[in-house]
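Dear colleague,

Please find the structure below, together with its sequence. I would be grateful if you would read the notes that follow with the coordinates open.

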Amino acid sequence: MLKKVANFAQKALYYEVALTPKPGLVDRLDNGSHADMNFYTFIESIQALSPFFEQYVEAGFHHDGDLPDLFHKIRKIGVQAEKQMLVATNQINTHKGAN
């Protein structure tokens, strides 16, 4: 079940970048107003972030405490995920918001 939810997150990001056309935004045919990224940069980013989606779901599912504590757990995962995303994209911020 947890893996399934994580896979939905991954699939959503693939579908979002593949949606074409998106004037001003990255899609399959154009990088819009983003000279530093393209469709393939997004693919690399999704691949780098995907292992962390299951960690997010697991942390929330198994959390037994208050919400600020959960936030701190999720944030630690997010910091590591962002580092991997930036490595995969040569420091290009493709999915910081999605992460």
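The notes below go from the overall fold to the helix contacts and then to individual residues.

The model is predicted: local features are reported only at pLDDT of at least 70 and side-chain atom pairs only at pLDDT 80 or more, whereas totals for chains, interfaces and linings use all residues. Numbering starts from 1 along each chain as its sequence is written, and side-chain values use heavy atoms, with hydrogens and water left out.

Overall fold

The protein chain contains three helices and zero strands, in the order α-α-α from the N terminus. Helices (H or I, at least four residues) and strands (E, at least two) are DSSP runs numbered from the N terminus. The C-alpha trace spans about 45 × 25 × 20 Å along its principal axes. Of the 99 residues in the chain, 31% are buried; buried means under 20% relative accessible area, exposed means over 50%, and partly exposed lies in between (1.4 Å probe, protein chains only). Among contacts between residues at least 6 apart in sequence, 51% join residues at least 24 apart, where contact means heavy atoms within 4.5 Å.

Helix α1 against helix α2

Helix α1 covers residues 2-18 and helix α2 residues 39-62; their axes come within 8 Å and cross at roughly 155 degrees. Axes here are lines fitted to C-alpha atoms, for helices over the stretch in contact, and angles run from 0 to 180 degrees between N-to-C directions. The two helices are therefore roughly antiparallel; angles over 145 degrees count as such, those under 35 as roughly parallel, 65 to 115 as roughly perpendicular and the rest as oblique. The crossing of α1 and α2 is right-handed, that is, the near helix is turned clockwise from the far one by less than a right angle, anticlockwise being left-handed.

On the α1 side the contact is made by L2, K3, V5, A6, A9, Q10, L13, Y14, V17 and A18, and on the α2 side by F39, F42, I43, I46, Q47, S50, F53, E54, V57, E58, F61 and H62. The residues of this contact comprise 15 nonpolar, four polar and three charged. In this division Ala, Val, Leu, Ile, Met, Phe, Trp, Tyr, Cys and Pro are nonpolar, Asp, Glu, Lys and Arg are charged, and the others, Gly among them, are polar.

Helix α2 against helix α3

Helices α2 and α3 pack at an angle of about 170 degrees, with their axes 8 Å apart. That angle makes α2 roughly antiparallel to α3, and the crossing of α2 and α3 is right-handed. Helix α2 contributes E44, S45, A48, L49, F52, Q55, Y56, A59 and G60, which meet L70, I74, I77, G78, Q80, A81, Q84, M85 and A88 of α3. The residues of this contact divide into 11 nonpolar, six polar and one charged.

V87 is also found in helix α3 and, at 56% relative accessibility, is exposed. Its C-alpha lies 8.9 Å from that of S45, although V87 and S45 are 42 residues apart in sequence.

Individual residues in and around helix α2

The structure holds one aromatic pair. F39 and Y40 form this pair, which is edge-to-face, with 5.3 Å centre to centre and 90 degrees between the planes. Rings of Phe, Tyr and Trp (its six-membered ring) pair if their centres lie within 6.5 Å, and planes under 30 degrees apart count as stacked, over 60 as edge-to-face and the rest as tilted. F39 is buried at a relative accessible area of 17%, whereas Y40 is exposed at 61%.

T41 lies in helix α2 and is buried, at 12% relative accessibility. Apart from neighbours within four places in sequence, T41 is in contact with T89, I92 and T94.

Backbone features

A cis peptide bond joins T20 and P21, with omega about 0 degrees. P21 lies in the loop between α1 and α2.

Two positive phi values deserve a check. N90, in the segment after α3 (67-88), has a positive phi of about 55 degrees although it is not a glycine. Q91, found in the segment after α3, has a positive phi near 75 degrees and is likewise not a glycine. N90 is exposed at 66% relative accessibility, and Q91 is exposed at 57%.

With kind regards
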